[in-house]
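Hello,

Here is the structure I promised to send over. Please have a look, and then read on for what turned up.

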Amino acid sequence: MKRYEALAEDIALSIRTGILKRGEKLPSVRQTSERRSVSQATVYQAYYLLEARGLIRARERSGYYVIAGASKLPPEPELLSSTSGDSTTVDVSELIFEVLQSTKARDVVPLGSAFPCPSLFPYDKLASSMNSSLQQLDPWATVEDLTTGSSELRRQIALRYLLVGMHVNPDDILITNGALEALNLALLAVTRPGDAVIIESPAFYGALQSLERMGLKAIEVATHPREGIDLDALESALRKHQPKACWLMSNFQNPLGCSMPDQKKQNLVALLEKFQVPLIEDDVYAELYFSSHRPLPAKAFDQCGLVLHCSSFSKSLAPGFRIGWILGGRYLPKLIRQKLSSSLSASLPAQEAIAHYLSKGHYDNHLRRLRHTLSVQQSVYTEAIARYLPAGTLATRPLGGYILWLELAAHVDVLSLQRLAIALGISIAPGPMFSAQRQFRHCLRLNYGHPYSDKTAEAMQTLSKLIQQQS
C-alpha cells in the first residue's frame with residue numbers, strides 16, 4: 001500500500017470499530033501529519049480517499065467529520081469458550097448438510113451462508129485471463145506440472161508471501177483443489193483413524209466434517225473471541241491427550257472472526273514444536289484484512305517444518321475455480337504422493353488463469369475494493385444488530401473476513417430458531433454445527449458478505465421477533 005492508502009485504511013478501521021464515532025471531528029491535517037510522521041500532502045490524499053468512500057465529509061472552515069460507521073455497536077463477547085477437555089467422536093455431518101442445503105436458493109436471505117456475494121469477484125477479468133493464458137499454454141505444462149501445479153502460479157503465490165517478509169520457494173508449494181483438499185491432505189499425512197486432533201471451540205465446521213469422515217476424534221480447546229485459542233488450555237490438552245495434530249485458523253477464524261497476535265502465533269508454534277505436534281493452519285481469510293497490512297500466518301514462525309500452511313483463492317478472488325495450495329514443510333513429499341494417488345491434479349486452465357491475473361497486477365486493486373466493501377458492510381450489519389436484535393445480544397468485531405459470531409440470551413435455542421427462520425426464507429448458521437460436542441446452542445454465525453438491503457433489514461426484524469418468542 002502507498003502511505004496515504006495505509007493511513008486511510010487505519011482511519012477507516014477506527015470508524016468501523018467505533019473508535020471514531022459518527023459526527024466526530026477528525027484531527028486536523030497538520031495534527032495528523034505530525035502524529036503519523038507523514039507529509040500533509042499524504043494526509044490530504046488519505047482524507048480525499050475517505051471522503052470518496054463516503055466515510056468522512058469536509059465542512060467549510062471547520063475540518064473533516066465522520067459521517068459513517070455504527071452510531072451504536074452491540075457489545076462484544078469477552079469470555080473464553082468453555083470445554084470439557086474430553087476427546088469426542090464427531091457426528092455433525094447431518095446437521096451441517098441440512099443447514100448448508102438451506103443457503104443455496106437465491107431468494108433466501110443468506111445470513112447463514114459460508115460465502116460472500118458472488119458479484120464481489122472479477123469474473124469478467126478472470127475469463128479474459130483464462131482466454132489469454134490458454135492461448136499461450138505450453139502443451140508440455142499439462143504433463144510437467146501435473147501434480148505439483150502450475151509453475152507460474154506457484155511463483156506468483158511465493159511472491160505474495162514475499163510481501164509479508166516470508167521467503168518461500170515455489171517448489172515447496174503444492175497446488176490443490178481448494179483449501180479443503182489441502183487441509184484433508186494434511187490430515188491424511190499426519191494422522192491415522194482413531195487418532196485425536198486438537199481443534200478450536202467453536203471450530204470451522206469443515207474441520208469437523210473431515211475428522212468425522214476420517215474416523216478421527218476431536219479435542220475442543222477453549223478459544224477467545226478476539227485473540228484465538230487459549231495456549232494454557234492447549235498445553236494441558238497436549239499433555240493429557242498426546243494428539244497427532246492441531247487444526248487452527250490463526251487469522252479471522254471461522255466462526256468467531258478472531259485473530260491471534262503475532263507474539264501469540266510465535267508462542268503457539270514454539271509450544272507445538274516442544275511436543276512435536278504438527279500444526280495444520282487454515283489461512284483462507286488472510287487477504288481480507290481491514291487494517292493497513294496483511295497479518296502474518298503462524299507458518300512465518302516455523303523453523304522445523306511442522307506447520308502445514310493451507311490457503312486458497314476461493315475467499316478472496318475466485319470461489320468457483322477451486323484453486324488452493326499447501327506449504328507442507330517436512331511433509332511435502334508425502335503430500336505430493338497423496339495428491340497423485342487421489343485427485344492427480346487441480347484444473348490447469350483455472351491455475352493458469354489465476355496466474356495470468358496475478359501477473360498483470362490486478363489482484364491488489366481488486367483486494368482493496370473488496371476489503372473496503374466488506375469493512376463498510378460490517379459496520380452496516382453491526383449497526384443493524386444493535387438496532388433490531390434483542391438487547392443483550394453480543395457480537396464479535398473482526399478485523400477482517402466477512403463473518404460475525406453472535407451470542408443470544410442463554411435460553412434461546414438456535415436450532416429451533418434456524419428451522420423457523422428458514423421456513424420464512426432466512427438462513428442462519430446455528431452454533432452447534434461448529435462443535436463436536438454440540439455446544440453453543442444460544443449462538444449463531446452471521447455472514448455480512450452480501451449487500452445490506454431492505455430485505456436484509458426485514459430479515460433482521462423477523463429474526464428478532466422469532467428470538468423474542470422464545471422468551
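Let me start with S210, which is buried, as its relative accessible area is 1%. Here, buried means under 20% relative accessible area, exposed over 50%, and partly exposed in between (1.4 Å probe, protein chains only). S210 sits in helix α9, residues 205–213. Helices (H or I, at least four residues) and strands (E, at least two) are DSSP runs, numbered from the N terminus.

A word on the source: this is a predicted model, in which local features need pLDDT of at least 70 and side-chain atom pairs count only at pLDDT 80 or more, while totals for chains, interfaces and linings use all residues. Residues are numbered from 1 along each chain as its sequence is written, and side-chain values use heavy atoms, with hydrogens and water left out.

What does S210 touch, leaving aside its neighbours within four places in sequence? Its contacts (heavy atoms within 4.5 Å) are L180, N184, L187 and W247. Just after α9, G215 has a positive phi of about 70°.

Another buried serine is S250, with a relative accessible area of 2%, in the loop between β8 and α11 (262–275). Setting aside neighbours within four places in sequence, S250 contacts C258, S259, M260, K265, E281, D282, D283, P297 and A298. From S250 to S62 there are 188 residues in sequence and 43 Å in space, C-alpha to C-alpha.

Patches are made of residues with over 30% relative accessible area and no salt bridge, joining like charges within 9 Å and nonpolar side chains (Val, Leu, Ile, Met, Phe, Trp, Tyr) within 5 Å. A salt bridge is a side-chain nitrogen of Lys or Arg within 4 Å of a carboxyl oxygen of Asp or Glu.

A nonpolar patch of about 230 Å² is formed by L146, L340 and L344. L146 lies in the loop between α6 (141–144) and α7 (151–162) and is partly exposed at 32% relative accessible area.

Best wishes

Notes. Areas by Shrake-Rupley, 256 points an atom, 1.4 Å probe, with all protein chains shown as cover.
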